[in-house]
Amino acid sequence: MTVIARRLAGHLARGIVMILVVATISFFIVRNIPGDPVAARYQKLLEQGMSPEAAERATAVMYGFLPQGSMWEQYVDYMTGLFRLDLGVSVTHPGSPVTSVLLGAAKWTVLPVLAGTLLSFLVGVIMGVYAAIKRSGKLGDFLAVSGSLLHGVPQYVLALLMGAIFTTLIPILPQGGTADILYEPGFNAGYIGSLIEHATLPVVTYALASYGGWILAMKSSVVTVLGDDFILAAELRGMKRTIVFRYVARNAILPLFTILALSLGLLFGGAIFIEKIFNYPGLGFLLIDSVVNRDYALMGGAFLLITAAIIVANILADLFYSVIDPRVRSGEEVSA
Amino acid sequence: MKRLAAVVALLGLTAVTACSGGGTTNESSSGGGGGGLFTTIDVNRPGIDPNGPANPYNPKGNSFLGYNAMKLAWVKNHLTDPNQFYPGIAESWEIAEDNSSITIKLHAGNKWSDGRPVTAEDVRLSIGVAYTQGSTAFALTPGAAGAAADVEVVDDLTVKVTQDMTNPSSKFARGVLDTFVAPAHIWGSVLPDDFWDKLKASRGEGEDAEKAREEITALGEKIIAFAPEKDVSAGPFTLERVNPGEALLVKNPNFYNAANVAPDQVKFLNYTGNEQIWNYLISGKLDHAGFTAAPADVMNRIKQAPGTNIIKGYSPVAVGMAFNQTKKPYDNVHVRRGLAYLIDRAEVTKVASPEGGTAAVTTSGIHQKPAQEWLGAELNNLEPYNPDPAKAEEEFEAAGLQKKDGKWALPDGSPWKVTMTAPSGFSDWIAAQENIKGQLVEAGVDAEVVTVADYPLYLEEIAAGKYDVGFWLIALGPAPYDIFQRLYGASNGWTNVAGKITHSAPGKNGNWMGGAEEVEVDGTKINPGELTGKLNSVGAEEAKPIMLQLAKAANQDLPVIQLWDYVNTQFTNTSRFTGFPEQDSDLLRLPAGVWIQLGMVKKTS
C-alpha cells in the first residue's frame, strides 16, 4: 500500500467516525430545540381563514410525518436509516424524502458558491500577487485596502447593497429566482442566458465577499516567499524575471490551495444570507425554513450534509497538499 | 499555473453542465408570454418547491388555489353569515332550512383539462379524500359538530350530503362546499376499494370502529404524498412547469368559464421574505399580491408605482393583548382595566399596523364591523376604554397597587413590571409592544418587551403559561363560534368534544389564560365557554343574545385588551389588467384566481 493510500484509508476511517459523531450530536440538538411545529401550522391556518376545528384536523395529519417513539427509538431509527442514506421524511415537504429535498436544493447552492469561490480565488490570487510586488506603490496600497474593506464588510450587507443597486436603483438584474419560467428548461440559449442572469447577483456578491480574504492571504504569502533565500539565490544567478515569478507563485499559492479546498467544503452551507436576500432557493433557504418550521428530519439532514462536506473537503485538502507539495510528500516517505 | 488553469476550467465546465438541466431536450426559447401573462405571488406560502406534486392537499404542492386547485364553491367574506358562496365546481346548491342537508348541482358540460367530464363521482371521491385530511364536515371524530352522515350521488351532476343531526352545526354547508375537488380518474387509486365500507364502520363504537378510523386517518399521509404524473385540473389554469423560483400555469380551455378568463398564462413568483414582495410591488411587477405588512415609507413607494391599486376590506381577525390570569397582578380585573385605560390603541395601531389595521373601538371579542351587525346599538353601551389616566389610577388603586415615587408597585410594595412577549419576526406585534411599553412607562408602569426566537417557540411557551402578557389573535369570523372560541376555548380552559363542553383548571390541558369559569354579566352568572359552545349549533337570531352576553363578558372582564382589527389589504396593478374587486368586496379573502375564473379580471385595453 502506498503512503497516500494508507493516508487516505486513515482519513476515511476518521471521517466516517466524525460524521457519525456529528450525526449523533446534531440529532440530539435538533430534537431538543424548543417549539411546537404543529401549533405553529395550526395558527397559520387560522390566520388564513380556516375554522379552528378544520385547522385542528388539518394539522393532525402532520403528526403522521413527525418522528414517533422515544428519543432513543428515534435515534436508533435515524442512525439505521443513515446507513441506507435514508434521512427520514420532511414535514414541510410532506411525503418527500429528506435526501431528495436536499439534493433538489443543493444544486442551487453549489452553483453560485462554486462559481463565486472560483471567481474570487482567481481574481484574488492575481491581485494578491500584484499587491505584494507593488506593495510600496499606490496600486499595491489600493489593492490591499480594497481587500481589507471587502473582507470586513459582512456578506449580508454586501448582498443588500448589491440588491438595492442592481434591482432597484438601476434595475438591470432580476430580483430573485433561478431562471425565468417562461423559458423551456434545457440546453438552449434562452434558458442558459436566464440562468446566468439570475445567478449573476448571488455569484458576484459571493465573489466580492470572498475576494478580500484571497487577496490578503496571497499578498501575505507572496511577501513571505519573496524574502526566502531561494528567491534571492535565483535572482543572484541571473534567472529571468518570469522564471523567478513562477518560483514565487508556485510556492506562495500552496497554502491558498488548502484554504480553497476547505472553502469548497463550505459549498453546501456557505451562502445562507445571499440566498435569503436574493431569493435564491438553495440549501441556506431550506435550512432557515426547516428551523422555523421545526422540520427535524430536514434540519438534521441539512446539518449533516454541510458537516460531511466540510469533513470530506478537509480530507481532500490534506491529500491534495501531499500531492502538490513535494516537501510534505518526501517527509512522509522518509518517515514511512 | 497551467495546472491551476486546467482545474479551474474543468470546474467551470462542470458548473455549466450542471446548469444545463441535465441533458434535457434542446428546445427553443418560449420566452415572452404575450400580453396575457398575469404575475402574482402567494403570500401565504413562501418557497415554491419544484419537486412538489400538483396536489392540493400537499402544503408544498404546486396546486394554486383558485387557479389549478378548485373547491366546490368559494366562501364569501361575509360579515356574519358563514354560508355565503361563489360558484366553483358547483354551479348551485340548496341548503335545507334546518341545515340537515345540502344538495349540490355541478356545472353541466364542465370538463377536466384532459377532456374528461366533471361528474358527481369526482365529488364523491373528493369527499372520501376529505375524510382522510381533516375537514369540518367530513370528520371522523365521533360526535364531531357539523359532520356529514351520508353522501349520495343523485345523478351525474348532483350530490346530496346530509348532516348528522345529533350534533349539528350552522356551518355544515360551509364545511361541505369548502372541499377540494380532484379528478376521480386520476385520484381513484388513493382510496382503497373498501373505503366507503370502512367509513361506515368508523361511525360506530368499539374496537372495530376505532381501527377503521385509524386506517382512514393513515391514508392521509399517502394522499398528501400522492403525485399525479400530470396536472389535471378543472380550474381556469393547469400547471405547465415549475422551478425553484417560479411556477407557470397556462389557461385551461376546458374550464367552464374559459371564454371569460383573460390571462393566457399565470406566473407565480417565489419569495423568502417580505422585502422581496415589497421590491416586486415597487417595481410594478405583480398584477396581484395579498396583504404584506410594510413600513410607511415602503408603502408610500409601493403606492407611487405606476398602476398600483390598493383594495381594502374586512378581515375577520383582531389582535389582543392577552393576560395570563394565573400570574399576579393580572388575576385582578382592575389591573387589566387600568392597563386598558392607559393604552392609546389608536397610537399603537398607527405605529404597528397603519395600513393593515384599524384601532379597536372597544374590547368586545368581535371585529368592529361584524360587531355592529351582531350587537347593534348595544355596541355603543360597551365600555370603550378610551385613554384616561385618572380612571387607570382609580382601577389600580382598587386593585391595591401602590404608587411610590411616581411608579406603580404591587400591593405588597414589591416592584411591578409588565413583561410583554412577542415572537421574533412579527414586526407589527413587536412595534406595538414597544409602543405600549413607552406609554406605560410614561404613566409610571414599568414595562419591558421580550422577543422569543420564533412563532413555534412562542406558541409552545404561551400554552405552557410561561408569559405574563402576550399577543393573541381573536375574533376569527364570520361564524359566531369561531369568533369567541379564541377567548373562551381551549386557551381559557374550555374544550369542546363532540358538543360536550368541559372546563380544565388553569395550567391544565392548554389553559394558559386562566380566566374564571363563571362571569357575572348584568347580574347573572354565565359560563362563557358553554355559551360559546352553543354558538356552534344555533341559528343567527338565536346567536345574537348569546353574542351580546359574551361581548359584555369580554368587555368587562378583559381576558384580552383588543388592540386593533385587521384590514384585508390587497395589492393590484392596473397597468396590464383591470376589473379587480371594489373596496370592501366580499371577494377580498379569495385568491385572485377566483376573481379571474369568475370573469371579473380583464386585459387592460
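Mentor: We begin with a definition: helices (H or I, at least four residues) and strands (E, at least two) are DSSP runs, numbered from the N terminus. On that basis chain B holds 18 helices and 25 strands. Please keep in mind that this is a predicted model.

Trainee: What radius of gyration does chain B have, and what would a compact globule with 605 residues have?

Mentor: A compact globule with 605 residues would have a radius of gyration near 25 Å, and the 27 Å of chain B agrees with that. The C-alpha trace of chain B spans about 80 × 75 × 55 Å along its principal axes. Of the 605 residues, 53% count as buried. Among contacts in chain B with a separation of 6 or more, 69% are between residues 24 or more positions apart.

Trainee: Let us turn to sheets. What is the order of the strands in the open sheet of 4 strands in chain B?

Mentor: The order is β4-β5-β7-β6, with antiparallel pairing. Strands β4 (90-95) and β6 (148-155) of chain B stand at the edges; each has a single partner strand, so one side of each lacks a neighbour in the sheet. From one strand to the next the twist averages 20 degrees.

Trainee: How many bridges join β6(B) to β7(B), and how many residues does the hairpin between them use?

Mentor: There are 6 bridges between β6(B) and β7(B), which run antiparallel, and the hairpin joins the two through 2 residues. In this pairing B:A148 stands opposite B:Q163 of β7(B). Strand β7 (residues 158-163) of chain B also pairs with strand β5 (residues 101-106) of chain B, in the antiparallel sense and over 5 bridges. There, B:I102 stands opposite B:V161 in β7(B).

Trainee: How many of the 14 residues of strand β23 (residues 560-573) of chain B are buried?

Mentor: The count is 13 of the 14, so β23(B) is largely enclosed by the rest of the structure. Its pairings can be read one by one. Strand β12 (residues 308-323) of chain B pairs with β23(B) in the antiparallel sense over 12 bridges, and B:V319 stands opposite B:W564. Strand β13 (residues 357-359) of chain B is joined to β23(B) by 3 bridges, and the two run antiparallel; here B:G357 stands opposite B:Y566. Strand β11 (residues 288-289) of chain B is also antiparallel to β23(B), with 2 bridges, and B:A289 has B:F571 as its bridge partner.

Trainee: How does one describe two packed helices?

Mentor: One gives the angle between their axes and the distance between the axes. Helix α7 (residues 274-282) and helix α8 (residues 296-304), both of chain B, pack at about 30 degrees with their axes 8 Å apart. That angle makes α7(B) roughly parallel to α8(B), since angles under 35 degrees count as roughly parallel. B:W278, B:L281 and B:I282 of α7(B) make the contact with B:V298, B:R301 and B:I302 of α8(B). These residues divide into 5 nonpolar, no polar and 1 charged.

Trainee: Where is B:A475 found, and is B:A475 buried or exposed?

Mentor: B:A475 is found in the loop between β18 (469-474) and α15 (480-485) of chain B. B:A475 is buried, with 28 other C-beta atoms within 10 Å, and its phi is near 60 degrees, a positive value in a residue other than glycine.

Conventions:
Residues numbered from 1 in each chain as written. Chains lettered and ligands numbered in written order. Predicted model: local features only at pLDDT ≥ 70, side-chain atom pairs only at ≥ 80, totals over all residues. Axes fitted to C-alpha atoms, helices over the stretch in contact; angles between N-to-C directions. Parallel < 35°, antiparallel > 145°, perpendicular 65-115°, else oblique. Contact = placed C-beta atoms within 7 Å. Nonpolar A, V, L, I, M, F, W, Y, C, P; charged D, E, K, R; others polar. Buried ≥ 20, exposed ≤ 12 C-beta atoms within 10 Å, placed from the backbone. Pairing = 2+ DSSP bridges. Rg over C-alpha atoms; globule rule 2.2 N^0.38 Å.
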